[in-house]
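Dear colleague,

Please find below the structure that I am handing over to you. My notes on its pocket, aromatic rings and nonpolar core follow it.

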Amino acid sequence: MTHEAEVWSVLGNIESSPPGVQAGGLMLELFKLYVGSLDSKSAEDTVTEVVGHLFESFTLLKGEGFFQGTREPVYFVRIATDDVEKILAAASEIRDRLKQDEVGVEYGGVYYRCTLSDRGDALRRRFGERRSE
């Protein structure tokens, strides 16, 4: 079993990808946060603290990314929830504490930027649309 399959398995024997995750009879949405920072240890500690405070369960994966041509460590945080406001709160707090321009949020295969000037209105709209379908 691949690591990706193990992650999906932990979330409830999922047979397909997002947006909906069936876990214990409850339909949850799957979000992914993208957090890059040159200060890897501080980023990992901050992400774990902030997300752990808001969510009981999540998956943290470490990778490597490129931002404006510069290589940097990146953390991917996968969270199954039905609370988009908590997702945006986590992204905003991580962004502020790490002094980043943005934290990315993926939902339903679309990448949204959580910046100081855009705190997720497009994501809120899309989440609302999908929930009402």
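**Findings**

By class, seven nonpolar, four polar and three charged residues make up the lining of the largest pocket. Here nonpolar covers Ala, Val, Leu, Ile, Met, Phe, Trp, Tyr, Cys and Pro, charged covers Asp, Glu, Lys and Arg, and polar covers the others, Gly among them.

Please note that this is a predicted model, in which local features need pLDDT of at least 70 and side-chain atom pairs count only at pLDDT 80 or more, while totals for chains, interfaces and linings use all residues. Residues are numbered from 1 along each chain as its sequence is written, and side-chain values use heavy atoms, with hydrogens and water left out.

The volume of the largest pocket is about 280 Å³. Of its 14 lining residues, Gly 36, Phe 67, Glu 72, Val 74 and Tyr 111 are the closest to the centre. A pocket is an open set of points on a 1 Å grid over the protein atoms alone, where a 1.4 Å probe fits, with protein on both sides within 12 Å along at least five of seven lines; lining residues have an atom within 4 Å of a point. Grid points are joined across faces, edges and corners, and the volume is the space filled by probe spheres set on them. At least two lining residues come from each of β2 (26–36), β3 (59–67), β4 (70–81) and β5 (102–107). Strands (E, at least two residues) and helices (H or I, at least four) are DSSP runs, numbered from the N terminus.

The whole structure holds five aromatic pairs (rings of Phe, Tyr and Trp, the last by its six-membered ring, with centres within 6.5 Å; planes under 30 degrees apart are stacked, over 60 edge-to-face, the rest tilted). Phe 31 and Tyr 107 are stacked, because their ring centres lie 4.8 Å apart and their planes meet at 20°. This pair joins strand β2 to strand β5, 76 residues apart. The rings of Tyr 107 and Phe 127 have centres 5.7 Å apart and planes at 55°, so that pair is tilted. Phe 127 lies in helix α4 (residues 121–132). Phe 31, Tyr 107 and Phe 127 form one aromatic cluster. Phe 127 is buried at 9% relative accessible area (buried means under 20%, exposed over 50%, partly exposed in between, with a 1.4 Å probe and protein chains only).

Phe 31 is also among the members of the 25-residue largest nonpolar core that touch the most other members (buried Ala, Val, Leu, Ile, Met, Phe, Trp, Tyr and Cys joined through side-chain atoms within 4.5 Å). The largest share of this core, six residues, comes from α3.

With kind regards
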